[in-house]
Each structure stands twice: as structure tokens, then as C-alpha cells.
Amino acid sequence: PIAIGNVAYYYSQATGGDQSGIIVAAVTAAASVIDDRYMLNVRPESNWRVSARQWSFLCGGPSAGKSPAIRAATDHIKHMHGVLYDRWRSEHVDSDNEPAPALYTSDTTVAALSETLQVNPRGLLMLAEEFASWIGAIDSGDRGDAAKNRGDWLQLRDGGPHQINRVQRGAVYVPNWGVSVLAACTPSGLSKQMKHMPEDGLIQRFVPCIMGASDTDAKGDARQALREWGQWLEWAYVT
């Protein structure tokens, strides 16, 4: 789409960062704001339908500009999230225990995410600028639930109804267990992580973006393109 092409071109001109990084980050950001209940009918004869959900990570050296690219693509989602939350808070002053609407999260557990997704069936974005930390959170768990948690995390890529049963929490039904994920890592960090990763298909769910080095002599102005990108994200959210 021209909106992604423009923000990638002008952001790269302004920062010298690899256009690939901002393209992949922007596509993932856009996927996260499109309501998961909109589906592409891939195979009508088999009811094979998919939502615009995407898992991606940017991989490059310490100065490749991974985190800045992620922030450029997603900062307006954070702004939209804040506006949505403030509006909800003003209408639910005495509802501290009621889950709030959300567009993204950066740190959560399966238990907390299940409550959030119950009131956000359109899905949301998981921002994990450190891929290794995100994987570590998946494999951590209380009361020996780490293996169960990993299975729940794997199913987040597919979306759809999800039933969770735990002795401590009881039964939880989530209408749409779907989250887009955007993360970043270094080549050495990814290599180290892969050595300890079980062959359960988690890494295969990601679209990898290998970023080249930044051009330190770049000169440009991306401010207008970033403003227009924010407008496009809002359009995709409300359409």
C-alpha cells in the first residue's frame, strides 16, 4: 500500500535505516489494528479463512535501527491506545476490576492476556522489542504452567475461540485468542536463542526481516509521512 511505501521511503531518507525494517514493522502494525473478525476466505470450499494477523521480528546489529523503526511504525498505535484508555477510564471510574479496552501490550502473562482479550475480540499488538525477553516470558510460569503457557502462546498466531482451564483460575473462554507480535533481536542473540528453542513451530510463525547497516549520511524529513501514517492507522482501525 502507498501509505506503507511512503513512510518507509521517507523514514529511510531521514534516518538512513534499512527500508525493509520499517516496511515489515508497518505491515505488522497495520495488521494489528485491522479487526480480526475481517477474514480472507482462502479456500471457500474448505472454510479456510485467515485474519490480518502477523508475527514479525527485525534482526540486525546494535546500530541497525531496529527499535527506532518499530517505534516509528507503532507510536501512533500507542497514542490511539492512550486515547481509548482515557475515554474508558472517564466512563468507568469505579470499575478497577474490569478489563479495559486495549490496542497493544508490552508485558503480559497468559492469565492477564486472557482477561484482556475477552473484552478485545478484535485482537491487539504485542510489542516486544527484545525477542529473547519475549521468548523467556513464554517459557516462564508459576506452579509448573510453563509448558501449558507455551502451547497457549503458540495458538495466539492462529486466533479463533480458545478455552483455557486451570485449577487455580477455573475456566476462561476467549472469543478470539489472537495477537500480532512485533519484536527485535541481534543475529547473535537469535542464534543463541535458537539453540534452546524446542521444535514446536514457534519460530516458523514469524516473518523475519534481516536489516542492513544504516546510512549515517542520510538527510531527509519524515515528519509529514509519519503524520500521514498515523492517519492511515486510524482509518484501518475504524473501517
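Reply: The account below begins with the sheet and then turns to the helices.

The model is predicted, so local features are given only at pLDDT of at least 70 and side-chain atom pairs only at pLDDT 80 or more, whereas totals for chains, interfaces and linings use all residues. Residues are numbered from 1 along each chain as its sequence is written, and side-chain values use heavy atoms, with hydrogens and water left out.

Five strands make up an open sheet with parallel pairing, in the order β4-β5-β8-β3-β9. Helices (H or I, at least four residues) and strands (E, at least two) are DSSP runs numbered from the N terminus, and two strands pair if DSSP finds at least two bridges between them. In general, strands of a sheet pair through backbone hydrogen bonds, either parallel or antiparallel. The edge strands, β4 (104-105) and β9 (206-210), each pair on one side only.

Strand β8 (residues 179-185) is joined by five bridges to β3 (residues 55-59), and the two run parallel. Within this pairing, C59 has C185 as its bridge partner, and L58 stands opposite A184. Five bridges also join β8 to β5, again in parallel; here A128 is partnered by A183.

Seven of the seven residues of β8 are buried, that is, under 20% relative accessible area with a 1.4 Å probe and protein chains only, where exposed means over 50% and partly exposed lies in between. One side of β8 presents V179, V181, A183 and C185, and the other S180, L182 and A184.

Helix α3 packs on this sheet, touching β3, β4, β5 (124-128) and β8, and its direction makes about 150° with that of β8. Contact means heavy atoms within 4.5 Å. Axes are lines fitted to C-alpha atoms, for helices over the stretch in contact, and angles run from 0 to 180 degrees between N-to-C directions.

The 26 residues of α3 (residues 66-91) should span 38 Å at 1.5 Å a residue, and the end C-alpha atoms are 37 Å apart, which agrees. The expected span is 1.5 Å times one less than the number of residues. At T74, α3 bends by about 45°, the bend being the angle between axes fitted to the seven residues ending there and the seven starting there. T74 is also among the buried residues of α3, which include A73, I77, L84 and W88.
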